[in-house]
Amino acid sequence: MNARALQALWGTAAGRTGLGLLLLLGMLALAAASGWLPLDGFRTTNLQWASASAEHWFGTNRLGQDILARAVGGAATAFRVGILVTLGAIALGAALGAVAGWRQGGWLDEALQYVMGVIDSIPIYLLAAALAFALGGGESAMILAMTGSFWVATARLVRAEVARLRAREFVLSAQAIGLPAPLIVVRHLLPNTVHILLVQATLTFVAAIKTEVILSFLGIGLADGVSWGLMLAESTQDVLAGHFGNFLAASGFLFLMLLGLNLVADTLQDAFDLQGAPA
Amino acid sequence: MTPLALDARDLRVDLRTPAGFQPLVQGVDLALAAGEITGLAGASGSGKSLTALALMGLTAPHTFRIHCASLQLDGKALDPSLQRAMRAVRGPGIAMVFQDPATALDPVFTVGSQLRRVIRRLPGMSRRQAAVRALDALRAVGFKDPALIARRYPHELSGGMRQLCVIAMAHAVRPSVLLADEPTTALDACTQAQVLDQLQRLTEACGTAVLLITHDLRLLARYARQVSVMFRGRIVEQLESSHLHEPGRHPYTASLIEALPRLHGRRHEPGRTMAQEAPAHDRPPGTAEWTPATPDSPALLSVRDLSSGYRTRRSGWLAGHRLQPTVHGVSMDLHAGRIHGLAGESGSGKSTLARTLVGLVSAVSGSVRLAGRELLEGHRVQGADARRRIQLVFQDPAASLSPRRTIAQILREPARHFGLDSSAAALSRVLETVGLDDAALERLPSQFSSGQRQRIAIARALICEPDLLIADEALASLDVRVQAQVLDVFRRLRDQHGLCLLLISHDLAVLAENADDTSVMHQGRLVEQGPTRRLFEQPTHPYTRQLLDAVPRFEP
Amino acid sequence: MSLARTLAQRLVYGALLLLGVTLLCFTLMVQFGPDKTYELLGKNASAEQLEEVRRALGHDQPFLRRYARWLGELAQGDLGTSDTNGEPVTALLGRAFPVTVMLVLPGFILGNLLGLGLGMLAAWHRGGAWDRLVLGGSVAGLSLSFLVVIILLQILLCTPYGLNLFPTRGWRVDDLGSYLAYATVPTLSLVLVTLGYNTRFYRAVVVDELGRDHVRTALAFGATPSTVLFSHVLKNSLVPVLTRLLYSIPLVLVSGSLLLETYFGIPGVGKVAFDAITSGDQPVLLAVVTLTAVMFVVVQAVADACCRLADPRMQAS
């Protein structure tokens with residue numbers, strides 16, 4: 001990890017708040033998943049639509065399940081989906097972006113740019129739907145759709161940066177002594193895109209969580225299990241009847257998680273002075 | 001005594017940091033007399049530009065804090081920290097010309113419309129009057145066809161012409177004070193004189209007081225009457241420019257003057273005698289066999305009829321490649337133990353030639369022989385041996401070292417690649433040659449000054465144990481004092497290690513002092529070459545003469 | 001480069017893009033997707049019946065031939081018929097498209113104008129209190145999910161628990177009054193959820209432009225803030241701004257409208273796409289994907305032309 005990034009995250013109020021929020025939610029999700037906390041989002045009781053109480057902080061839903069437990073379970077889902085999509089998209093984006101940037105103007109670059117153009121032209125919801133058809137739905141189709149679509153943004157940025165850096169004199173001097181291209185890319189170019197990758201990782205995380213919620217809400221994402229999107233889907237009926245537990249819990253947790261990520265992204269962008277560059 | 005157009009007392013600029021205020025400019029007094037050029041000299045980072053921006057009230061208010069005990073413009077008091085007040089005087093009161101002509105004008109408006117917009121802000125200017133005045137201003141800076149220039153977009157003009165257009169703005173607005181921040185640094189010597197002459201005409205025609213900010217004392221000696229020398233945010237000396245040659249200057253001023261390269265009257269003679277007299281055990285390892293070369297001994301590198309250039313690629317899909325040679329039929333011989341100078345304006349093909357020799361650019365035709373062996377294979381200089389024995393040091397020290405690798409990693413990479421000694425001892429030996437010590441090894445490039453970085457770049461070249469070291473404008477971005485240090489390293493490499501150096505520079509004075517032989521390049525061709533002294537004393541080609549005439553003199 | 005050459009290149013590139021997009025989606029949906037013949041015939045169909053239907057639909061043909069046939073029909077403007085109700089897809093989309101445009105256009109324009117204003121304010125006071133306020137607000141805005149915004153605004157504006165000013169859902173538009181009644185809440189949602197992104201984008205562009213040397217030159221010769229912002233900065237940032245505006249149009253029309261229309265029950269392109277997703281209506285889905293890709297190709301060409309007009313440096317080359 002990058003020293004400047006860590007320094008910025010610990011050194012600023014925004015960075016500390018963001019990290020704190022993420023750590024808190026992460027630990028909560030972990031504790032619930034490993035059974036350390038008595039929060040079971042699947043256990044049904046005959047207390048339907050109970051209002052908030054000491055036992056059920058956000059009340060219960062129409063099946064009598066504890067809403068807080070489901071919201072914490074939603075955090076676990078969000079982390080799981082977010083981390084998988086982010087890792088995949090960043091790795092793919094860095095690798096293909098570096099190749100395209102190094103070969104800027106060549107046929108490989110043109111081919112990769114074409115692929116990126118194709119993916120960019122397919123709205124994420126339709127890609128997710130198509131993949132859900134092909135793979136029979138579920139979490140893996142959703143994660144695959146997001147990874148397959150989100151890597152493009154990172155790849156474009158890495159491509160531009162690598163193309164910009166490859167005319168730099170430190171790269172020329174590596175070329176002049178005859179260093180093989182893959183070595184130059186890995187040793188001299190990719191390390192100089194770490195700041196882009198870190199920022200993109202947080203932004204991809206944000207996009208993944210937002211998309212997961214909407215896909216699950218629409219019924220092309222998570223079908224069973226717990227998700228803030230599913231809770232929000234339930235809540236659309238609830239709120240018309242005056243039950244706000246589901247909505248408050250899901251949107252509150254969602255907001256805190258996104259806020260944490262965005263604060264981290266913002267701090268990183270400031271630290272790397274990327275704020276000025278239009279995305 | 002001419003009246004003062006601008007009188008600033010005790011100007012301070014502080015950087016706002018989370019830890020408090022960090023002073024960058026302190027206690028600066030500046031007095032600019034109407035109708036003349038006043039100089040402000042100093043190394044980069046000494047606070048010259050910041051001083052000028054502060055006087056304009058153009059520093060970012062949330063980044064810098066400005067304080068000025070008293071600032072008088074045309075006898076009226078001003079406070080540079082007040083945005084609104086400064087906005088009112090900018091233009092007709094005080095204006096500024098910046099360094100980079102490439103970006104100084106708005107690319108999406110024509111020169112004429114930018115001039116007219118500036119003029120329209122003056123009281124009582126009609127559209128028609130503004131148009132007339134804009135053309136007058138362009139004529140005043142020497143444009144023969146102002147109407148044509150006014151219709152041009154900035155990208156259609158050369159750097160010098162763009163800078164003249166900004167000066168034309170000054171002619172149009174007639175400010176009391178014009179601050180010119182390194183206005184000619186990015187220009188060729190010939191254009192530089194043209195632009196500065198126009199700046200001088202502005203002082204005469206409009207009575208403007210000009211502050212000429214530059215690192216080049218030679219320019220101030222010629223154009224300025226009063227000179228202030230700045231060092232680390234303070235003015236260390238103020239003097240008449242005619243006194244620059246006299247002894248008894250402030251030590252910093254004296255060191256700046258001493259470091260100035262001179263076209264005539266001083267030469268760092270080749271250290272042949274020195275090396276010969278040195279006892280054998282004093283010689284660096286590996287050079288024991290070396291005997292000083294003379295121009296008659298066989299050449300180390302022999303280039304014949306070399307043409308080369310970049311592949312230009314037409315943009316878009318299914319477009320072909322085209323090779324556009326920028327170097328045409330160059331022939332030259334380089335000898336061990338000598339410094340060869342290569343002079344010429346930017347764009348003359350010097351860098352392309354250098355890059356062809358290290359295999360970064362393709363040759364179209366010709367031959368390159370190193371110690372008798374042909375290096376060109378399939379239009380490129382190839383082969384590990386050639387890549388090791390010819391090393392190139394680039395211009396920009398900020399870009400020439402891989403930013404995220406330590407100096408040890410940077411130095412070890414080529415050594416390992418060529419199977420040479422990459423031990424800690426070898427690294428520190430090569431660092432010592434360029435005047436740095438072991439402490440540098442574990443640090444990152446960003447922790448060094450540009451002069452130090454350039455020396456590290458030289459060390460990276462030296463660790464390959466090259467026979468030929470090419471320095472492609474390696475001094476151009478360094479301050480004169482640092483430049484002198486690096487030249488010192490070059491001369492030592494020649495004298496003690498018998499290295500052959502190709503010193504590429506647009507600064508003829510540097511070559512006059514240091515090169516044994518010099519070649520002059522113009523539009524991709526070598527127009528003249530020979531021993532430096534003969535070449536500079538009796539130039540035969542008109543272009544060489546033109547270049548020599550454009551060099552700012554600094555001789556009493 | 002000549003104009004004809006550029007146009008030819010654009011055309012070929014556009015065709016290739018269209019081919020890539022449709023091939024990818026066709027493969028995913030038709031090759032790997034579920035076989036719809038069972039649904040058509042019910043559970044107890046005989047093998048012969050299945051064969052017959054497949055032959056009638058052309059489903060017994062190899063994949064590439066089916067794709068080629070689909071392309072051939074597309075070239076004639078025939079997007080097939082909906083699996084669910086047998087209606088021609090072109091008619092379906094022709095009805096839905098204007099609704100979507102009416103729905104998202106005001107929000108799109110308003111969101112960008114507001115973003116531009118806030119971005120300029122922040123950029124001009126870079127590092128100051130206004131900047132911090134706008135940036136802080138935009139971080140909060142970025143952290144809002146579209147879904148949450150929609151539900152929240154619905155509670156606040158359309159239910160008895162809030163102000164109860166607008167209908168909760170639906171689209172029965174026949175005059176301006178009813179248009180405002182049904183479009184206001186979706187528009188506000190769209191503005192609110194895009195404002196964070198828009199503000200950041202415009203701020204970044206303006207900060208970028210304000211940092212240029214020619215802006216300093218203009219200021220040094222007495223230009224006023226309004227001259228700098230509205231003349232130098234705006235005209236110079238036309239290229240990135242137009243590019244982004246144009247490229248976001250297809251996304252807003254399809255992706256943006258999907259959630260809005262589904263949630264509010266508005267019969268636009270998004271709703272059509274959503275219904276097709278839930279019912280597995282392949283011809284409609286393919287048509288929506290094709291429509292998006294076509295929009296991207298058009299947008300690319302328009303963006304190209306606009307950038308050439310906006311930047312004199314590109315006219316020369």
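This is a dialogue on how to read the chains and contacts of a predicted model.

User: What should I know about the model and its numbering before I start?

Analyst: Residues are numbered from 1 along each chain as its sequence is written, and chains are lettered from A and ligands numbered from 1 in the order in which they are written. The model is predicted, with local features needing pLDDT of at least 70, side-chain atom pairs counted only at pLDDT 80 or more, and totals for chains, interfaces and linings using all residues; side-chain values use heavy atoms, with hydrogens and water left out.

User: How many helices and strands are there in chain A and in chain C?

Analyst: Helices (H or I, at least four residues) and strands (E, at least two) are DSSP runs, numbered from the N terminus. Chain A has 11 helices and 0 strands, and its C-alpha trace spans about 75 × 45 × 30 Å along its principal axes. Chain C has 14 helices and 0 strands; its C-alpha trace spans about 85 × 60 × 35 Å along the principal axes.

User: How many residues does the contact take from chain A and from chain C?

Analyst: Contact means heavy atoms within 4.5 Å. On that basis, chain A contributes 46 residues and chain C contributes 52 residues. Buried area is the accessible area (1.4 Å probe) that two parts lose on being put together, summed over both. Between chain A and chain C, about 4100 Å² is buried, and carbon and sulfur atoms give 77% of that area. Tyr114(A), Leu126(A) and Phe133(A) supply 16% of what chain A buries against chain C, more than any other three residues.

User: How many salt bridges and polar contacts cross the interface of chain A and chain C?

Analyst: A salt bridge needs a side-chain nitrogen of Lys or Arg within 4 Å of a carboxyl oxygen of Asp or Glu. The rule finds 1 salt bridge across the interface of chain A and chain C. Asp266(A) forms a salt bridge with Arg200(C), and the closest N and O atoms are 2.8 Å apart. A polar contact is a pair of N or O atoms within 3.5 Å; within protein, one must be able to donate a hydrogen and the other to accept it, and residues adjacent in sequence count only if both atoms are side-chain atoms. For chain A and chain C, 9 residue pairs are in polar contact, both residues at pLDDT 80 or more.

User: Which helix gives the most to the side of chain A that touches chain C?

Analyst: Helices H4 (107–120), H5 (124–135), H9 (194–218), H10 (228–240) and H11 (245–271) of chain A each supply at least two residues of that side. H11(A) gives the most, with 10 residues. For classes, Ala, Val, Leu, Ile, Met, Phe, Trp, Tyr, Cys and Pro count as nonpolar, Asp, Glu, Lys and Arg as charged, and the others, Gly among them, as polar. The side of chain A that touches chain C has 31 nonpolar, 11 polar and 4 charged residues.

User: What is found between chain C and chain B?

Analyst: Here 28 residues of chain C are in contact with 33 residues of chain B. The buried area is about 2600 Å², of which carbon and sulfur atoms give 64%. Ala220(C), Phe221(C) and Pro312(C) supply 25% of the area chain C buries against chain B, more than any other three residues. By class, the side of chain C that touches chain B divides into 10 nonpolar, 12 polar and 6 charged residues.

User: At what angle do H11(C) and H12(C) pack?

Analyst: Axes are lines fitted to C-alpha atoms, for helices over the stretch in contact, and angles run from 0 to 180 degrees between N-to-C directions. Helix H11 (residues 238–264) and helix H12 (residues 269–279) of chain C pack at about 80°, with their axes 7 Å apart. H11(C) is therefore roughly perpendicular to H12(C), a label for angles of 65 to 115 degrees. Among the residues that meet are Val254(C) and Leu258(C) in H11(C), and Val269(C) and Phe274(C) in H12(C).

Definitions and conventions
Angles under 35 degrees count as roughly parallel, over 145 as roughly antiparallel, 65 to 115 as roughly perpendicular and the rest as oblique.
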